[in-house]
Amino acid sequence: ICNSVENKIYVHLNYSIPCVRLLNATHQIGCQSSLSGDVGVLHVLESEANLDWVLQNGPNPPYMVILDSTLFTRSVMMKLKTGSSRVAGVVVVAPSSNPAEGFSPHTTCPNENSGVYSESYDPALAHCNVTKWNPLGNGLSYEEYDFPMFSLKDDNDTQAIKQCYYDHNHVVNGSSPRYPLCAMQLYSHMSAVTDTATCMRRNGINFSLNPVCDPLGDFNVLASTRPLNYTDKGHKTGESVVIAAARLDSRSFFFDIAPGAESAASGFVTLLAAAHALRNATQDAQPNRTILYAFFQGETFDYIGSSRLVYDMDNKQFPLDLDNVHSVVEIGQVCIILLVLWVHTDPVSRRNSSVNEEVEKLIRNLNSSALNLSLSLQEPSFSQPLPPSSFQRFLRARPIPGVVIQNHNSSFTNKYYESMYDNAEYLNMSYPPNLTPEEQLEYVTDAAKVYEFVFLSSQVTQMLYGFLVKSNNSWFQQIVPSDFAIHLRDRPTNFYVGVTQQHSEPTLLVQYLLANLTGTTVNITQDNCQNQREDEDDKESKHIYSYMWVQGAAPPNSTERVAFCVRSTVRLSKALSPAFDLEEYTSKDYSTWTESRWKSIKGRIFLVASHELEVNFPSKTPQK
């Protein structure tokens, strides 16, 4: 009966995505509601000029503001932020197509204080003084808001919410609306406050069973062309390694919406394709130098993954150390529709003649390879720092030769950097109507054509489709274990790094893809495979190889999958900032980002009556 009454009073919001609170060494960013949720009268914002009703003139504050994405600008949001006493919350209606003018809620200088370009390294290059890499960045993701914010799809439910406003709250001819009014309640209370040092201290009080925040982090995915013994840490005499790197993560303003098509996927899919293309060549004849493929997690938040690997190498917690690193080749944003890529280098380390010589060799070798691929590689025509990149964390440790390959000369060409619009649509991942999911999986889009032409890899189409359209496709299902396959979703992958308690979907997918593309199938039992051995007497293979039992495909005219074992050099390594192992929560050297915990994320709309109709029972007066 109670549920029936509640359903008659409230309409609950479906598919609402909140903005959550994040903290670092100095402050907090993001949004939250009060403990019991925040309630406000609905107001659909039709223009920026209409803000006066919310901030000054409206007779029924506080207001729950609903705005379309065209009004989700810094100008509007800063006015709502400063007038927060009359603002109960904000709901942003996500459009069905990307805004043509571009949108980036990130800063103009990503990871400004955590890369190599500091006042001590070269003051002329610090703080993006030479190049503003993300000129469209409005910084909204790095502001703190004293009210909850949610994102809703532009669907029938959202239209019903707007209709509730027009039926009950809309101002006609300047007259105030009459009760009952349409109201909304948003719940997104965050447990952590102030900064990371504060929340980590509260986590530790009396060994708290209710932590208030968790460090951001995940796992890096690594693989080498020559097996490495992971029980033997530290320097390897005579070992020379080229690190081929890409980042795995992205973000947007709202939690759980981080499509990262160009900022993340274009780079790591390219590296996966390159690793696959090099598999046979490196297995048939080992090159003079080992290639270490490194897919870094948490790079959006002050280079969590790369700083951790550098730290482990520097402290003999990895099978190699920095002396073993010959050079770094990093693949960044490389949406290569025009078949032109830019090779960025560090002007400071190149002042060292030996480093400069190796960098020039790298560029010559890359140019030679590009000629065979009809791909043009160019260098910027003026001296500028490296764009935001994992390579910068290696340079903070020592001068190492290296290049960063991007699709831009100076500022990003990505006009949706770290936003919900950096998606499949932006990469022209469009499909003809009426295709089945299997036909979509095999359909080669314009974006995939270029990658397949350059890397001669037929898997690129499936990888782009799996990460940017739907991860529970048949090819991804074949190359993962059955207990992971059930968690793949009929939606794009979310590339937000998340917290350290769990492996993210992108990490596990890249782990299985890299094993499939670079490893070999071995004819051993499921028991031996899952116990990391070739047979019952094998005690050594687990130190240099990893074994994965994947569910495989079903043969024609059968529903039973044929599972098999993949042996590879793929490993996961911790992508947790050293600041949390060192308990240096105010560190200026390492990432200190944490995510607040919360209990309930939900929203609902309902009609409210005038306060004049509320019955106030007088308190009893004690008799004399």
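Tyr 496 counts as buried because its relative accessibility is 11%, where buried means under 20% relative accessible area, exposed over 50% and partly exposed in between, with a 1.4 Å probe and protein chains only. The model is a predicted one, in which local features need pLDDT of at least 70 and side-chain atom pairs count only at pLDDT 80 or more, while totals for chains, interfaces and linings use all residues. Residues are numbered from 1 along each chain as its sequence is written, and side-chain values use heavy atoms, with hydrogens and water left out.

Rings of Phe, Tyr and Trp (its six-membered ring) pair if their centres lie within 6.5 Å, and planes under 30 degrees apart count as stacked, over 60 as edge-to-face and the rest as tilted. The count by this rule comes to 30 aromatic pairs. In one of them, the rings of Phe 255 and Tyr 496 have centres 5.6 Å apart and planes at 75°, so the pair is edge-to-face. This pair links distant parts of the chain, 241 residues apart, with Phe 255 in the loop between β12 (241-247) and α6 (261-284) and Tyr 496 in the loop between α14 (482-485) and α15; helices (H or I, at least four residues) and strands (E, at least two) are DSSP runs, numbered from the N terminus. Phe 255, at 22% relative accessibility, counts as partly exposed. Trp 475 and Phe 476 form a tilted pair, at 5.9 Å centre to centre and 45° between the planes, and both residues are buried.

Ring pairs also link a cluster that includes Phe 253, Phe 254 and Tyr 416. Ser 151 lies in strand β8 (residues 149-153) and, at 3% relative accessibility, counts as buried.

Helix α15 (residues 505-518) is mostly covered, with 13 of its 14 residues buried.

Further along, three strands form an open antiparallel sheet in the order β18-β20-β19, where two strands pair if DSSP finds at least two bridges between them. Because β18 (520-522) and β19 (546-550) stand at the edges, each with a single partner strand, one side of each is left without a neighbour in the sheet. β18 pairs with β20 (residues 564-568) over three bridges in the antiparallel sense, and Thr 521 stands opposite Val 566 in β20.
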